[in-house]
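Subject: Structure handover

Hello,

Here is the structure I promised to pass on. Please open it first, then read the notes below.

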Amino acid sequence: MTMNFYAVRAIYVFEMARTGRTLWQSIVSPVISTSLYFVVFGAAMGANITEIGGIAYGAFIVPGLIMLMLLTQSTANASFGIYFPKFTGTIYELLSAPVSALEIALGYVGAAATKSIILGLIILATSWLFVPLKIAHPFWMLAFLVLTAFTFSIWADGFEKLQFIPMLIITPLTFLGGSFYSINVLPPFWQTVSLFNPVVYLVSGFRWSFYEVADVHVGVSLAVTALFLVACLAAVWWIFRTGYRLKS
Amino acid sequence: MQPIISINGLSKTYATGFHALKGIDLEIRRGEIFALLGPNGAGKTTLINIICGIVNLTAGSVTVDGHDIITDYRGARSIIGLVPQELHTDAFESVWATVNFSRGLFGKPKNPAHIEKVLRDLSLWDKKDSKIITLSGGMKRRVLIAKALSHEPDVLFLDEPTAGVDVVLRKGMWQVVRELRASGVTVILTTHYLEEAEEMADRVGVIDKGELVLVEDKAALMRKLGKKQLVLHLQDKLEAIPPALSNYRLSLSEDGRELTYSYDTQSERTGITDLLADLSRGGIRFNDLHTIQSSLEDIFVDLVKSDLVTPDLVTP
Ligand SMILES: Nc1ncnc2c1ncn2[C@@H]1O[C@H](COP(=O)(O)OP(=O)(O)O)[C@@H](O)[C@H]1O
Ligand SMILES: [Mg+2]
């Protein structure tokens, strides 16, 4: 079986063009939110918490902030990408095209992930205006960025079809996932609970790539992220293969 | 020659339990224009959507040019173009972008020259940079046709392509379909406008309540079921049909100047000779005459008149 690469490209280009049309909304709003987070967390809380693990609080929250944006934006983009054709009825064309579930997912997820990665980098640049940053492992920083963007684009893509509301789950998971604190400051019981939150591993690994400090070992972070990616891929593959809720 | 589409024992039961198709067997010949006629809810769209992969079949099988639509869906779908019944279009994309998207989706490399030709043929070239949302309904319909033709399909499905399209545009679309057939494309269209089937089709299939009632060459169908009428323009007004002619199926127009005789083209004797002899015997003279062939519509109404109510039959 050969891949229909033209179709993957067509979906990707089409989705990126849609992103391009709404470029300002897509960039301005996260940049403003990021700045607000810096004002609220950095200035207000930073007055009391000066540093965590030897890192200035303002700098400490940057990786968490990027992750928060990455997760919410990937989720929103990917689920919107596949929801839209269903809403307008243009999904008839996807269903009647010689494309596999994998190719459709690649196109949509690829575009959503690309947009998230660009956003992540923009937020990173914005952060630089507020706090001095150091990135110890740029390669791993990018790896986590890309991996996370893809994983969450995939999960949104899949779960939208199961009619879940990913946003409702994502936001609390991120806030409780050590984005703005180290889970080491929590009582032991809550530390254990936190370990069931996959976002903890993403944030921890991502932060390690900046400052070489982590709540959990970076290897564990990487493994959990990869596992999560595989699980999401499997779910999306199953949903498309069975035509779940897409076909009558 | 091997048929381009073979449908065998195709049935569809929707999740609601509704039996939309009941064991359809049908073969579409290579290069023909096939018109699928039937009242609303007959199952036309369901049949097309199954072949195109939008609806799952319940039983039976379909092959398109030898490719099974399930086990070899890539082979089947890549040679099919579909123009759906509903105007499902993008909104903010340009005509050019959406048509090129379709070509890519169907696995074809870019070919601006082909897309340009398609848009020109459909009189959409000057709209190529317009956002789809700014186009009229008729133009959107043509955009959908352009999308379906963007990847050079061998088989084109047109699901009620001219519903709600004005007469001039409809004629233009027929022209496009004729040119497609001339270039070897097989066209399957469903329609409410019987005039359309009559004008365009090589063969006609009539579907009613999920069953194929009849499949026939259009010409043969019209010959077989067609009634003809002989209309005589009388020289002198008649008040009523003379009793001597009461054996004939005659009707008199209100102004008393036209006498219409209905006869069956199939019967051995049409009775025309006798009628004319009786007329001259009765001193009824006429200065002109012509015949009318019954339309496909009359035939169709005859066929499905079992369900006397066919309010969905729209004639332009
Ligand atoms: N998704 C669906 N679920 C249940 N019933 C459906 C569905 N789609 C169509 N039907 C029913 O199947 C019948 C055939 O519909 P359709 O194929 O659209 O007819 P046509 O195109 O000939 O007007 C109709 O009675 C319609 O209500
Ligand atoms: Mg229909």
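A residue is called buried under 20% relative accessible area, exposed over 50% and partly exposed in between, with a 1.4 Å probe and protein chains only. By that rule, 48% of the 316 residues of chain B count as buried. For chain A, the share is 52% of 248 residues.

Some ground rules. This is a predicted model, in which local features need pLDDT of at least 70 and side-chain atom pairs count only at pLDDT 80 or more, while totals for chains, interfaces and linings use all residues; side-chain values use heavy atoms, without hydrogens and water. Residues are numbered from 1 along each chain as its sequence is written, and chains are lettered from A and ligands numbered from 1 in the order in which they are written.

The two chains

Helices (H or I, at least four residues) and strands (E, at least two) are DSSP runs, numbered from the N terminus. Chain A has 10 helices and 2 strands. Its order from the N terminus is α-α-β-β-α-α-α-α-α-α-α-α. Chain B has 10 helices and 14 strands.

Next, contacts, meaning heavy atoms within 4.5 Å. Take those with a separation of 6 or more. In chain A, residues 24 or more positions apart make up 80% of them. In chain B, residues 24 or more positions apart make up 69%.

Then surface. Accessible areas come from the Shrake-Rupley method with a 1.4 Å probe; for residues, only the protein chains shown count as cover. Chain A exposes about 10,900 Å², and carbon and sulfur atoms supply 74% of that area. Chain B exposes about 14,600 Å², with 51% from carbon and sulfur atoms.

The magnesium ion

Which residues coordinate the magnesium ion (ligand 2)? They are B:Thr45, through OG1, and B:Gln85, through OE1, at 1.9 to 2.1 Å. B:Thr45 sits in helix H1 (residues 44-52) of chain B and B:Gln85 in the loop between strand E6 (80-83) and helix H3 (95-105), so the pair ties together parts that are 40 residues apart in sequence. Donors here are N, O and S atoms within 2.8 Å of the metal (3.2 Å for Na, K and Ca); water is not among the atoms, so sites may look incomplete. B:Thr45 is partly exposed, at 25% relative accessibility. B:Gln85 is partly exposed too, with a relative accessible area of 25%.

Helix H1 of chain B is mostly covered, with 8 of its 9 residues buried. Among the buried ones are B:Lys44, B:Thr46 and B:Leu47. After the helix comes B:Gly53, with a positive phi near 95°.

Ligand 1

A residue is near a molecule or strand if one of its heavy atoms lies within 4 Å of it. Ligand 1 is surrounded by 13 residues, and the closest are B:Gly41, B:Gly43, B:Lys44, B:Thr45 and B:Thr46. Chains A and B both supply residues around ligand 1, so the site is shared between chains. H1(B) gives the largest share of the shell, 3 residues.

By class, the shell has 5 nonpolar, 7 polar and 1 charged residues. Ala, Val, Leu, Ile, Met, Phe, Trp, Tyr, Cys and Pro count as nonpolar, Asp, Glu, Lys and Arg as charged, and the others, Gly among them, as polar.

Now the polar contacts: pairs of N or O atoms within 3.5 Å; within protein, one must be able to donate a hydrogen and the other to accept it, and residues adjacent in sequence count only if both atoms are side-chain atoms. A backbone N or O atom of B:Gly41 lies 2.7 Å from an oxygen atom of ligand 1. For a backbone N or O atom of B:Lys44, the distance to an oxygen atom of ligand 1 is 2.8 Å. B:Thr46 uses a polar side-chain atom, 2.5 Å from an oxygen atom of ligand 1. The protein covers 67% of the 570 Å² of accessible area that ligand 1 has on its own.

Elsewhere in chain B

B:Asp65 is not a glycine, yet its phi is positive, about 50°. B:Asp65 lies in the loop between strand E4 (59-64) and strand E5 (67-68). At 26% relative accessibility, B:Asp65 is partly exposed.

B:Glu152 is not a glycine either, and has a positive phi of about 50°. Its place is the loop between helix H5 (137-149) and strand E7 (155-159). B:Glu152 is partly exposed, at 37%.

Best wishes
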